[in-house]
Amino acid sequence: DDLCIVAKDLKSIINHLEQDIKYKLKGTGPIDYHLGCNYFRDEHGVLCYAPKKYIDKLIMDYTKNFGKKPKHYWSPLENNDHPEIDTSKELDGNGIKIYQSMIDSLQWAVSMGRLDISTAVMTLSSFRSSPREGHLTRAKRVFGYLSKFKNSAIRIRTEQPDYSKLPNKEFD
């Protein structure tokens, strides 16, 4: 279920699965979307992946919950922030549900390659059971950061790097 295979000789793998193992495949061919993540080639032909559609969905959910789009931020958390000493008001039951849902969504974004928010999400997830208004504000900031940088992607280069121009150092 939901299998994604990336290979240089994909045809032989497909033939083996379909003919030898009798596995029924559907949707074979170049990948463009899988489990919430977009796959594409950049202007240099390099394979890239990014959860663009998923982030669009996150922003839509955010807008539904808070009545406006998130404010854009240059970083997921403020420098020298200490959410562990937050003394703001505790969230009510509905606020806790919204916070937990936001953290769940952010964790999935990390799973899909948004490693740039992993520290923020890991930090904020430790307050899931009893979040405060300040923790919710911080989670909103992460959404704002993702909104600003929703086109960030991981690029996968498959060719061998050319090291021929680097000096060959001799060591004794």
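In this predicted model, helix H2 (residues 52-66) and helix H5 (residues 133-148) have axes that come within 10 Å and cross at roughly 140 degrees, where axes are lines fitted to C-alpha atoms over the stretch in contact and angles run from 0 to 180 degrees between N-to-C directions. H2 and H5 are therefore oblique to each other, since angles under 35 degrees count as roughly parallel, over 145 as roughly antiparallel, 65 to 115 as roughly perpendicular and the rest as oblique. On the H2 side, Ile 55, Leu 58, Ile 59, Tyr 62 and Phe 66 meet Leu 136, Lys 140, Phe 143, Leu 146 and Ser 147 in H5, contact meaning heavy atoms within 4.5 Å. These residues divide into eight nonpolar, one polar and one charged (Ala, Val, Leu, Ile, Met, Phe, Trp, Tyr, Cys and Pro count as nonpolar, Asp, Glu, Lys and Arg as charged, and the others, Gly among them, as polar).

H5 also packs with helix H3 (residues 93-111), at an angle of about 35 degrees and with the axes 10 Å apart. From H3, Tyr 99, Met 102 and Leu 106 take part in this contact, and the H5 residues include His 135, Ala 139 and Val 142. By class, the contact of H3 with H5 has eight nonpolar, one polar and one charged residues. Helices here are DSSP runs of H or I with at least four residues, and strands are runs of E with at least two, numbered from the N terminus.

Residues are numbered from 1 along each chain as its sequence is written. Local features need pLDDT of at least 70 and side-chain atom pairs count only at pLDDT 80 or more, whereas totals for chains, interfaces and linings use all residues, and side-chain values use heavy atoms, with hydrogens and water left out.
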